Amino acid sequence: MTSPERDPHPTDDPTVAPVEQPSGEEPTAGQPRRSGLRNPERAVRGLGAGTLSLEALVLLLAIQPIRVVGGDLGGAAIGAVVALAVAAVVLAGMMRRSWAWNAGTVLQGLLLLGGLLHWSLLGLGVIFALVWAYALHVRRVILG
């Protein structure tokens, strides 16, 4: 048992409580930039995986409305949409790999090329390419 006079966690020990930068100042040379996140790599992986999962869901849910409204969505176009959705789900599960971010960028390009099959796929491709570009920007800001 510790007495009330004795603090079990001394605050003057620099190994226990790291010195934090005052807000608005840049970190000095040799010190890593702190993002404020407990695990920045995990947070960024979650952002990428969530973006790809949402893309897969939207692609699969968009098949029927495209067929009803747009008309000519053939079997090849449906197969391409399903293949892109499956690839997005697989990539979402592999975000720990260093190449997964590059593969996600390629996936956005393939979705844009899907616009050759149907104009609405081009619209989805533009939307998700912008979302993916923002996720890449957030990744670069947080991880440096």
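Which helix is Arg 140 found in?

**View 1. Arg 140 sits in helix H4.** This is a predicted model, and here we start with helix H4, which covers residues 119-143. Arg 140 counts as exposed because its relative accessible area is 51%, and the cut-off for exposed is over 50%. Now look for Val 44: it lies 96 residues away from Arg 140 in sequence, yet the two C-alpha atoms are 9.4 Å apart in space.

**View 2. The largest nonpolar core brings together 26 residues.** In general, nonpolar side chains tend to be buried together in soluble globular proteins. The residues with the most contacts inside this core are Leu 52, Leu 59, Met 95, Trp 101, Leu 107 and Leu 124. Helices H1 (40-70), H2 (75-93), H3 (100-113) and H4 are the elements that each give two or more residues to the core. H1 hands over the largest share, with eight residues.

**View 3. Here is Leu 107 with the residues it touches.** Leaving aside residues up to four places away in sequence, Leu 107 is in contact with Leu 52, Glu 55, Leu 84, Ala 87, Ala 88 and Leu 91. Leu 52 and Leu 107 are both among the core residues with the most contacts.

**View 4. A nonpolar patch shows up on the surface.** Its members are Leu 60, Val 82, Val 86 and Val 90, and together they have about 310 Å² of accessible area. H2 supplies the largest share of the patch, three residues. Take Val 90, which has its place in helix H2: its relative accessibility is 46%, so Val 90 counts as partly exposed.

Note on methods:
Residues numbered from 1 in each chain as written. Predicted model: local features only at pLDDT ≥ 70, side-chain atom pairs only at ≥ 80, totals over all residues. Heavy atoms only, no water. Helix = DSSP H or I, 4+ residues; strand = E, 2+ residues; numbered from the N terminus. Buried < 20%, exposed > 50% of the residue type's maximum accessible area, 1.4 Å probe, protein only. Core = buried A, V, L, I, M, F, W, Y, C linked by side-chain atoms within 4.5 Å. Contact = heavy atoms within 4.5 Å. Patch = residues over 30% accessible without salt bridge, like charges linked within 9 Å, V, L, I, M, F, W, Y side chains within 5 Å. Areas by Shrake-Rupley, 256 points an atom, 1.4 Å probe, with all protein chains shown as cover. Salt bridge = Lys/Arg side-chain N within 4 Å of Asp/Glu carboxyl O.
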